[in-house]
Amino acid sequence: MDIEYKNEINALLSFYGELLAKKQLAYLRYYYEDDFSIIEIAEEEHVSRQAVSDNLKKGCEVLEHYEAVLSLYHDSLKRQALEEDLLAYVGNHYEKDSHLKALLDQMVNQEIN
């Protein structure tokens, strides 16, 4: 499995996971977060491997659809990159401005909370 795709699905799960059907969410978490195999998930849930595979595929399609429509994940990546650029710029050009640094720290900490 492509690690970049796995990371993207995990990120999409954090944004949109609660919008999925309960079984889809459970299977995706088993597979992408807990690294269960399809066989292990089928045994755990007492369903066929085909049912697990179908739910994984459909769940990923639904997550990708939500992202295509809402773009929350990619917008967050853009904001994160912009924040990193801003912090680097302030660090390089305004290193003596403690008030500006305090405001930026407050902004960063506010996003986390």
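This is a short talk on one chain, from its overall form down to a few residues.

A word first: the model is predicted.

Let's start with the fold. The chain has 6 helices and 0 strands. Read along the sequence, the pattern is α-α-α-α-α-α. The C-alpha trace spans about 65 × 25 × 25 Å along its principal axes.

Next, burial and surface. Of the 113 residues, 27% count as buried. The accessible surface comes to about 8000 Å². Carbon and sulfur atoms hold 51% of that surface.

Now contacts along the chain. Take those between residues at least 6 apart in sequence. Of these, 53% join residues at least 24 apart.

On to charge. The chain carries 11 positive and 23 negative side chains. The centres of the two sets lie 4 Å apart.

Now the aromatic rings. How many aromatic pairs does the structure hold? There are 7. One of them joins Phe-15 and Tyr-16, with ring centres 6.1 Å apart. Their planes meet at 45°. Planes under 30 degrees apart would be stacked, and over 60 edge-to-face. The angle here is 45°, so this pair is tilted.

Are these two residues buried or exposed? Phe-15 has 37% relative accessibility, so it counts as partly exposed. Tyr-16 is buried, at a relative accessible area of 1%.

Compare Tyr-31 and Tyr-32. Their ring centres are 5.0 Å apart. The planes stand at 85°, so this pair is edge-to-face. Tyr-32 has 6% relative accessibility and counts as buried.

Where does Gln-24 lie? It sits in helix H2, which covers residues 22-33. Which residues does Gln-24 contact, leaving aside neighbours within four places in sequence? They are Asn-55, Lys-58 and Gly-59.

To recap. Gln-24, in helix H2, is in contact with Asn-55, Lys-58 and Gly-59.

Conventions
Residues are numbered from 1 along each chain as its sequence is written. This is a predicted model: local features need pLDDT of at least 70, side-chain atom pairs count only at pLDDT 80 or more; totals for chains, interfaces and linings use all residues. Side-chain values use heavy atoms; hydrogens and water are left out. Rings of Phe, Tyr and Trp (its six-membered ring) pair if their centres lie within 6.5 Å; planes under 30 degrees apart count as stacked, over 60 as edge-to-face and the rest as tilted. Buried means under 20% relative accessible area, exposed over 50%, partly exposed in between (1.4 Å probe, protein chains only). Helices (H or I, at least four residues) and strands (E, at least two) are DSSP runs, numbered from the N terminus. Contact means heavy atoms within 4.5 Å. Accessible areas come from the Shrake-Rupley method with a 1.4 Å probe; for residues, only the protein chains shown count as cover. Lys and Arg count as positive and Asp and Glu as negative; His and the chain ends are not counted. The place of a charge is taken as NZ of Lys, CZ of Arg, CG of Asp or CD of Glu.
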